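Subject: Structure handover, with notes

Dear colleague,

I am passing on the structure we spoke about, and my notes on it follow directly below. Please read them with the coordinates open beside you.

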Amino acid sequence: PGIQVNASMSDVPPKSKNKRMDQENGMEPVEIDRDLSDKIQEWLEWDKNKTTRAHINQLVKAKDVESLRDCLLTRMSFGTAGLRAAMGAGYSKMNDLTVIQTTQGFCRYLESCFHESIRERGVVIGHDARHHSQRFAALAAAVFLSQDIPVYLFADIVPTPYVPFGVLHYGAVAGIMITASHNPKEDNGYKVYWENGAQIIRPHDSNISENILRNLEPWPQSWDDSLPERSRLTQNPLDEVNKEYHKSVAAKCCFSRDLNRDTKMKFTYTAMHGVGYKFIQMIFREFEIPEVVPVKEQVDPDPDFPTVRFPNPEEGKSALDLSFKTADRNNSTVILANDPDADRLAVAEKQESGQWRVFTGNEIGSLLAWWAFYNHKGRHPEHFPGDDVYMLASTVSSKMIGSMARMEGFKFVETLTGFKWMGNQTRDLQAQGRTVLFAFEEAIGFMFGTSVLDKDGVSAAAAMAELAIYLTTLGFTLTSYLDQLYLR
């Protein structure tokens, strides 16, 4: 037998109501089965967020059984990409309670893998500029801190690549980035990195999922979002990571400061309402490339993404319209665009016709691969041909790097789709004493150098700008030199 719910009931569906009473009151009864009733009571007991509690209460009072079932009887699945879903109330959405539950499970799994060393090494946590990202990051930090685990919690918005960089820099056991990348404004996500600085792969995802299900009830201090500010185990790594990231990227990826300093080229930049602008400014200063021309309508973080339907530069011309207008007004010939968490890079170049060409991910990958090869060979000619230098690409990406590898004398590895595979493969190759120069996937994700073992739109933007500057000294554009590469 189910439970009758009608609009006159209070928060939790009482178990004593019956159909006859509803009919006497002139109300249409709504049947809620025992499983759903239990989940409603559980949610209202565990959730301390007034907004999401109120939403579940409203659904109960509205007798919206279908929505209640969608919210409470299905749970977000934790995979190798972590979590990503719309924000809202219920176990199927991103919210305070599901972030706490996920972090509790992740915490227990990390303790089982690293034992007491986790309390020496800690975890790194960052967030983007989306709605609720900062709060989700604080709650995730509170969970670890409540278990006496140190947390490197970025106090401000950061690009996603800063988290895996921080994991390696501090020797942390894991990293968490609160972001939904280029998804619509309604979404948020929870991305996880392992101690090796790469995204998790199986069986970590299934093991974390099992631990989440065993740790659903919030621990006593998990809701204490003031804990990160009060705990002696919290550190803000932003200044140190900024410094060390730029030092590392410049050492591995900056090749021609003299040309950069003297160039007359202008680069237009859009952050797509995300976090990237100030970090692009910093990396350009490190490379001594002139200041970018910002797309003013899009460079400040705005979680509502007001000027674009989808905040994804991979959409091409439809997402870059304001960039084209800004570049045309400023006599700029190259556009660089990050997605909202700055881990992807789109590139466009003005053609002789006056039209703009938006490069595909495969085309950008081919240009950056050549640039990485050319400069490494210039510094280490003894490595070519040989077995010590590698590049990687996912199986759905262009085979251009494979052809380049055969011609130029380095090794190419093709992986399954996703940077989780390329990041982990890179780490394995490094453990064998190999050098990995570059990895990419066609969805405008690029790993230029190995400062970050994931896609990084900040370092890729600096590398692409430096390449464009170098090519102009030879009389080439990005377009014309790409044609030359294809002819080879």
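In what follows, two residues are in contact if they have heavy atoms within 4.5 Å of each other. Please also keep in mind throughout that this is a predicted model.

I begin with Gln 101, which is found in helix H5. Which residues does Gln 101 touch, once its neighbours within four places in sequence are left aside? They are Trp 46, Arg 75, Tyr 91, Ile 212, Asn 215 and Leu 216. With Leu 216 there is also a polar contact, in which the backbone oxygen of Leu 216 lies 3.1 Å from a polar atom of the Gln 101 side chain. Gln 101 has a relative accessible area of 0%, and it therefore counts as buried.

Helix H5, which spans residues 96-114, also holds both Arg 108 and Glu 111, 3 residues apart, or about one turn of the helix. An α-helix has 3.6 residues a turn, so residues three or four places apart point the same way. The side chains of Arg 108 and Glu 111 form a salt bridge, with 2.7 Å from N to O. Arg 108, at 27% relative accessibility, is partly exposed, whereas Glu 111, with a relative accessible area of 15%, is buried.

That salt bridge belongs to a total of 27 in the model, and two others join separate parts of the chain. Asp 156 and Lys 278 meet through their side chains at 3.3 Å, N to O; because Asp 156 sits in the loop between strand S5 (151-153) and H8, while Lys 278 belongs to helix H13, this pair ties together parts that are 122 residues apart in sequence. Asp 156 is partly exposed at 32% relative accessibility, and Lys 278 is partly exposed as well, with a relative accessible area of 34%. Lys 411 and Asp 387 likewise form a salt bridge, at 3.3 Å from N to O, and this pair links distant parts of the chain, 24 residues apart, with Lys 411 in strand S15 (residues 411-415) and Asp 387 in the loop between helix H15 (361-379) and strand S14 (389-394). Lys 411 has a relative accessible area of 33% and is partly exposed, as is Asp 387 with 46%. Beyond these pairs, a network of salt bridges links Arg 257, Asp 258, Arg 261, Glu 286 and Glu 288.

Turning to the aromatic side chains, the structure holds 25 aromatic pairs. In one of them, the ring centres of Tyr 162 and Phe 279 are 5.1 Å apart and the planes stand at 75 degrees, so this pair is edge-to-face. Since Tyr 162 lies in helix H8 (residues 162-170) and Phe 279 in helix H13 (residues 277-287), the pair ties together parts that are 117 residues apart in sequence. Both Tyr 162 and Phe 279 are buried. Phe 267 and Phe 284 make a further edge-to-face pair, with 6.3 Å centre to centre and 80 degrees between the planes; Phe 267 is in strand S9 (residues 267-270) and Phe 284 in helix H13, 17 residues apart. Phe 267 and Phe 284 are both buried. Elsewhere, ring pairs join Phe 255, Trp 370, Trp 371, Tyr 374, Tyr 470, Phe 476 and Tyr 481 into a cluster.

Tyr 470 of that cluster falls within the range of helix H18, residues 457-473. Helix H18 has 17 residues and reaches 25 Å from its first C-alpha to its last, close to the 24 Å expected at 1.5 Å a residue. Because 15 of the 17 residues of H18 are buried, the helix is largely enclosed by the rest of the structure. Its N-terminal end is capped by Asp 456, of which a side-chain oxygen lies 2.9 Å from the backbone nitrogen of Val 458, and just after H18 comes Gly 475, with a positive phi of about 85 degrees.

Lastly, 5 strands form an open sheet of mixed pairing, in the order S10-S9-S11-S12-S13. Strand S10 (293-294) and strand S13 (356-358) stand at the edges with a single partner strand each, so one side of each is left without a neighbour in the sheet. Strand S11 (residues 334-338) and strand S12 (residues 345-350) pair in the antiparallel sense over 5 bridges, and Ile 335 has Ala 348 in S12 as its bridge partner.

With best wishes

Definitions and conventions:
Residues numbered from 1 in each chain as written. Predicted model: local features only at pLDDT ≥ 70, side-chain atom pairs only at ≥ 80, totals over all residues. Heavy atoms only, no water. Helix = DSSP H or I, 4+ residues; strand = E, 2+ residues; numbered from the N terminus. Expected span 1.5 Å × (residues − 1). Buried < 20%, exposed > 50% of the residue type's maximum accessible area, 1.4 Å probe, protein only. Polar contact = N/O pair within 3.5 Å; in protein donor to acceptor, adjacent residues only side chain to side chain. Phe/Tyr/Trp six-rings, centres within 6.5 Å; stacked < 30°, edge-to-face > 60°. Salt bridge = Lys/Arg side-chain N within 4 Å of Asp/Glu carboxyl O. Pairing = 2+ DSSP bridges.
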